[in-house]
Amino acid sequence: MTSKDGFQWTPKTGLVKGVPTIGAISPKSNIKSDATIYDVIVVGAGYCGLTAAREAAIGGLQVLLVEARDRIGGRSWSSNIGGYPFEMGGTWVTWGQSHVWREISRYQMQDELEISQDYSSGAKHCCLSGLTGKKNISHDEEDALVESGLRKFVNVDGQYGRGVMPFPHSLKMNPLAAKYDSMTAADRMAQIQDSLTQDEYTALVGFILLCSGGTLDNMSFYEFLKWWALSNYSYEYAIEYLVKYKFHGGQSSFAIRFFEEALDTGNLSYVFDTPVKEIHDLGNSVKVTARNGSVFEGAQVVSAMPLNTLNDVVFSPRLSQGKKAATNMGHINQCVKVHAEVRNKDLRSWSTITYNPKDRFLYAFGDGTTPSNNTHIVAFGSQYNHLQPDDDIDVTLEAMQSLVSMDAERLVFHNWSKDEFAKGAWFFPTAGLVTKYLEDLRASEGRVHFANSDWARGWRSFIDGAIEEGTRAARTVMDLHKLQVSKKRSK
Ligand code: FAD
């Protein structure tokens, strides 16, 4: 099936919107009766919504899953082009992420992972491209540079962040760390800039903007400290956890298991291609109205939509002040991720880190070998020198060529900035958002429960956080359901 999402370019076809994926769902609905009042309506079929829907369905509840797109997976989905999965959004997973790993072992997918990097032959270097020009360095030198820059950046306590954030999954905001949420990355750079060499500066900024998808001026320093703490306070683990292990069959091969398991219970109804317009809590049930006029009713709702889209849905009663303030602030991540399938075999072991006004991408590397024995390159940009890759494909091709000379057969990407059901990539907050509004974002309002990776406790911004949140939402829904059933019985 081909999704309406994503773009593919080849010299022969030019730029084409829509990409084949096993995540596209047909038929688009299995609803049997419009009159059903569901135990729970889950809005959004990303990993969070899929987890919530599956858990509630396994728990015996009648569940309706409503999704705006024609596919599952939300910000994590893979295309299937010539038998190869280009990852359009969320990609890498690891056993260091406990929610993800539980699911991987549950679906017996432990041997369905592969390693992105292969430095065994070919170019075997990293091109560092900063304000003073380009130079090739070995991957060992690349690692040493990023690591030394990062250690200066995070060393706020003489313990490389361990002192201020000893428990990164804690339910409470550690006051020692919270103060760093009033700082941006630019504020922290100003404190350490004199201690950085020019090359360390380039490598450090390229790496941290890769993490935030924002700019130095708008990314929260606190949130970066949290990523660092989650990565065992080390660059080695950051690479292991953030950009190493991915599914042979792509993310959609993982997401489809959640959906199929939920369907197998017989308790899941679903409807795709149906953006929700209004969520109205009536006091004893909730009415969900779609843009196409369909109306669904449920005893409870899980809103599994991302932060940057919540303002597009009318909630009644209105969202709490804190939630509203957070949605008005939004998160900053405008990551641009573009894949190129190239004939240059030597680029399999190539990488680049850039931070200069000319380059539109900050980070790129050989990410795989396609069935045609071509090299797959993945490139990342951010709000800095932001590129809209579908605006002018020649500009996008040029931006890729300026990283390294490549003989491109194909480009594949999803423009997350223009995607109305995401309005950005993974969650990365600006200074102040998390300390002020995290608890507001997590709070249920009446019969509506808010769940998304964007406000997870642990691996917030990751697939792991989405599963953590979906599990929390399902638990809340089932507890309330039990309470309502026992109240009815005792009447
Ligand atoms: P989403 O996936 O955003 O799901 C929300 C769903 O709600 C979507 O399907 C959306 O269509 C739907 N929706 C929105 N509005 C409406 C509406 N009005 N009506 C009905 N439905 C609606 N994570 C990792 O762990 N590893 C990575 O390597 C990684 N890399 C990433 C790279 C990119 C480019 C991006 C974009 C993300 C990446 N992430 C990564 C983050 C990860 O993809 C997300 O954190 C995770 O997928 C979010 O899941 P979610 O279910 O919480 O939200």
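**Close-up views of a predicted model**

**View 1. Helices α2 and α9 are roughly perpendicular to each other.** The two helices, in this predicted model, meet at an angle of about 70°, and angles of 65 to 115 degrees count as roughly perpendicular. Helix α2 covers residues 98-106, and helix α9 covers residues 251-264. Their axes lie 11 Å apart. From α2, the contact uses V100, E103, I104 and R106. From α9, F254, F258 and E261 take part. By class, four of the contact residues are nonpolar, three are charged and none is polar.

View 2. Domain 1 puts 28 residues into the contact, and domain 2 puts in 35.

**View 3. The largest nonpolar core holds 85 residues.** Which residues have the most contacts inside this core? They are F153, F207, F224 and I279. Helix α6, residues 198-212, gives the most to the core, with nine residues.

**View 4. F207 and its contacts beyond four places in sequence.** With neighbours within four places left aside, F207 touches V146, L150, F224, Y235, A238, I239, I353 and Y363. F207 and its partner F224 both belong to the group with the most contacts inside the largest core.

**View 5. Another core, of 40 residues, lies apart from the largest one.** Its members include L50, A56, A451 and A466.

Technical notes: Residues are numbered from 1 along each chain as its sequence is written. This is a predicted model: local features need pLDDT of at least 70, side-chain atom pairs count only at pLDDT 80 or more; totals for chains, interfaces and linings use all residues. Side-chain values use heavy atoms; hydrogens and water are left out. A nonpolar core is a set of buried Ala, Val, Leu, Ile, Met, Phe, Trp, Tyr and Cys residues joined through side-chain atoms within 4.5 Å. Buried means under 20% relative accessible area, exposed over 50%, partly exposed in between (1.4 Å probe, protein chains only). Helices (H or I, at least four residues) and strands (E, at least two) are DSSP runs, numbered from the N terminus. Contact means heavy atoms within 4.5 Å. Axes are lines fitted to C-alpha atoms, for helices over the stretch in contact, and angles run from 0 to 180 degrees between N-to-C directions. Angles under 35 degrees count as roughly parallel, over 145 as roughly antiparallel, 65 to 115 as roughly perpendicular and the rest as oblique. Ala, Val, Leu, Ile, Met, Phe, Trp, Tyr, Cys and Pro count as nonpolar, Asp, Glu, Lys and Arg as charged, and the others, Gly among them, as polar.
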